[in-house]
Amino acid sequence: FFVKHHCHRPHSFAHPSARFFRRLQQTLMPPQTKALPIDGASVTTFDRFGDHRGYFNELYNEEKYDGLSAPGERWKQVSFSSSQKHALRGLHCSPHGKFITCVRGSFYDVIADFRDGSPTFGRWCGVLLTDKNKKQVFVPGGCGHGFFTFEDDTCALYLQEGCFNPAKEADTHPFDPLVNVQWPVPEGVVPVMSAKDEAAPFLSVRRPKLCGYAPRGRVLVIGGTGQVGGALIEAFGARNCVGTYAATPAEGMIHFDLAQAAMQPQLAIDLVQTVYPEVVCICAGFTWVDGCEREPQKANAMNNRGPAVLAAAAAAVGAKVVWYSTDYVFSGGSSLPGSGGSKANGVAAADAGGPYGEEDPPSPLNVYGSSKLAGEAAVLAADPSALVLRTNVVYGPEHVGKNFVYQLARKLGSGEAMNVPVDQIGTPTYNRDLADATKRLVEAGGGGFF
């Protein structure tokens, strides 16, 4: 039996689906794409519309996805895979780019740069993709690709720039020591691999010229565009470092905002999971003394909370943490130079005006010093083995050219006067010396205050 329902609709009535899509367009944020440490690779975060029925999201829209992701007209094949828990697929190298989405479960997605002539050749990075974190990864053609799953029935969707052709594929063993991928395989677990992947050769077998080629190091330099960060990249070697920038993009570096990470710790976790560093040097901070007085919340975010969440994320993957503090954690006293030293003549350096040693009690006088002192405690609480370096008047070559020496040279060169303190005595630190000391301390396994 059928029951007839009388529905009186005004002429302006819109079909429910039309209302839904109008609401959807108003609600969804556009996809946000960021560069990864592999040249040409990127990670995209998309939005999702949900209600009591479930959710809807776009996996690709050529009008919304920006240039870091391959344009829609290049997609020639759509593929789908399902994997059991602890399956390891890869490293598969195709001449075609791929756009990867996790539609069920979770996996750690890895990109390894196998392209001769690429500025990031030999480097790898990873991104955790889940059916909930709304992330997608673009893998450039010529790069190795693979993933390790954390759940049963984990499903991946691939958009590919070209059609699969076995003759043009080149697999590399996922545990190739030259690439040295740090797969997040739990202790005691044997990854489930195909016979084909287990039999895949090392990259040096395919390319004999790579015999003896050392794997890249993994040093993450937060604030790589600054004077300390630049010197560290030089000291550790550019091929061994991944640098970050916050405001002004820099070639070969990736974006990371320490202040944002203070409010959203997941940003620090994502960064560390991407680079999987051996060493994390935290050079970024809010070092403008007068600015810290005006913006104490920003000072606390960049000099305390941000470094702490980054140190915790680094410690979770076993990375060595280096945090740069300041002489402003001390008061400076009021005595003239030569009146003391660390406990000199029975007088504490904090009372005598320095010079200071590691055992002297800190006593900051301003927001900058207080925020840095709080940062020291927070970093060491997150990682008791962290290395904390208290620096003083750092100077030296830098791209931005904003340190004291640059300012003085510009002023004097243009015939301008420059106000300088007459009651402050310091021990200026050349940035290359600081970077060399950092490298030596890291190699020696140093920790605590220096």
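Trainee: Which residues are buried in helix 6?

Mentor: Keep in mind that this is a predicted model. In helix 6, which covers residues 265-275, the buried residues are Ala268, Leu271, Val272, Thr274 and Val275. These five cover an arc of only 160° around the axis, which means that they are on the same side of helix 6.

Trainee: Why would residues a few places apart end up pointing the same way?

Mentor: An α-helix has 3.6 residues a turn, so residues three or four places apart point the same way.

Trainee: And what follows helix 6?

Mentor: Tyrosine 276 follows helix 6, and its phi is positive, near 50°.

Trainee: Okay, switching to pockets: what volume does the second largest pocket have?

Mentor: Its volume is about 750 Å³. The lining consists of 30 residues, and those closest to the centre of the pocket are Lys34, Thr45, Lys135, Leu267 and Asp270.

Trainee: Which element gives the largest share of that lining?

Mentor: Helix 6 does, with six residues of the lining of the second largest pocket. At least two residues each come from strand 1, strand 2 (42-45), strand 9 (124-130), strand 16 (254-255) and helix 6. By residue class, the lining of this pocket divides into 13 nonpolar, eleven polar and six charged residues.

Trainee: How many cavities of 30 Å³ or more are there?

Mentor: The structure holds two cavities of that kind. The largest cavity has a volume of about 130 Å³, and of the 16 residues that line this cavity, Arg123, Trp124, Arg216, Gly217 and Arg218 are the closest to its centre. Its lining is made up of eight nonpolar, four polar and four charged residues.

Trainee: What about the second largest cavity, which residues line it?

Mentor: That cavity holds about 40 Å³ of space, and its lining is formed by His92, Cys93, Ser94, His96, Lys98, Val139, Pro140, Gly141, Cys143 and His145. Strand 6 (88-93) and strand 11 (143-149) are the elements that give two or more residues to this lining. In terms of class, the lining of the second largest cavity has four nonpolar, five polar and one charged residue.

Trainee: How many bridges pair strand 7 with strand 12?

Mentor: Six bridges pair strand 7 (residues 98-104) with strand 12 (residues 154-160), in the antiparallel sense. Within that pairing, arginine 104 stands opposite cysteine 155 in strand 12.

Trainee: Last topic, strand 15: is it mostly covered or mostly open?

Mentor: Strand 15 (residues 241-245) is mostly covered, with five of its five residues buried. Both faces are covered, with Cys241, Gly243 and Tyr245 buried on one side and Val242 and Thr244 buried on the other.

Trainee: How many bridges join strand 14 to strand 15, and do they run parallel or antiparallel?

Mentor: Three bridges join strand 14 (residues 219-222) to strand 15, and the two strands run parallel. Valine 221 has glycine 243 as its bridge partner in strand 15, and that glycine is one of the buried residues mentioned above.

Conventions:
Residues are numbered from 1 along each chain as its sequence is written. This is a predicted model: local features need pLDDT of at least 70, side-chain atom pairs count only at pLDDT 80 or more; totals for chains, interfaces and linings use all residues. Side-chain values use heavy atoms; hydrogens and water are left out. On a 1 Å grid over the protein atoms alone, a cavity is a set of points where a 1.4 Å probe fits but cannot get out, and a pocket is an open set with protein on both sides within 12 Å along at least five of seven lines; lining residues have an atom within 4 Å of a point. Grid points are joined across faces, edges and corners, and a volume is the space filled by probe spheres set on the points. Ala, Val, Leu, Ile, Met, Phe, Trp, Tyr, Cys and Pro count as nonpolar, Asp, Glu, Lys and Arg as charged, and the others, Gly among them, as polar. Helices (H or I, at least four residues) and strands (E, at least two) are DSSP runs, numbered from the N terminus. Buried means under 20% relative accessible area, exposed over 50%, partly exposed in between (1.4 Å probe, protein chains only). The arc is that of the directions from the helix axis to the C-beta atoms. Two strands pair if DSSP finds at least two bridges between them.
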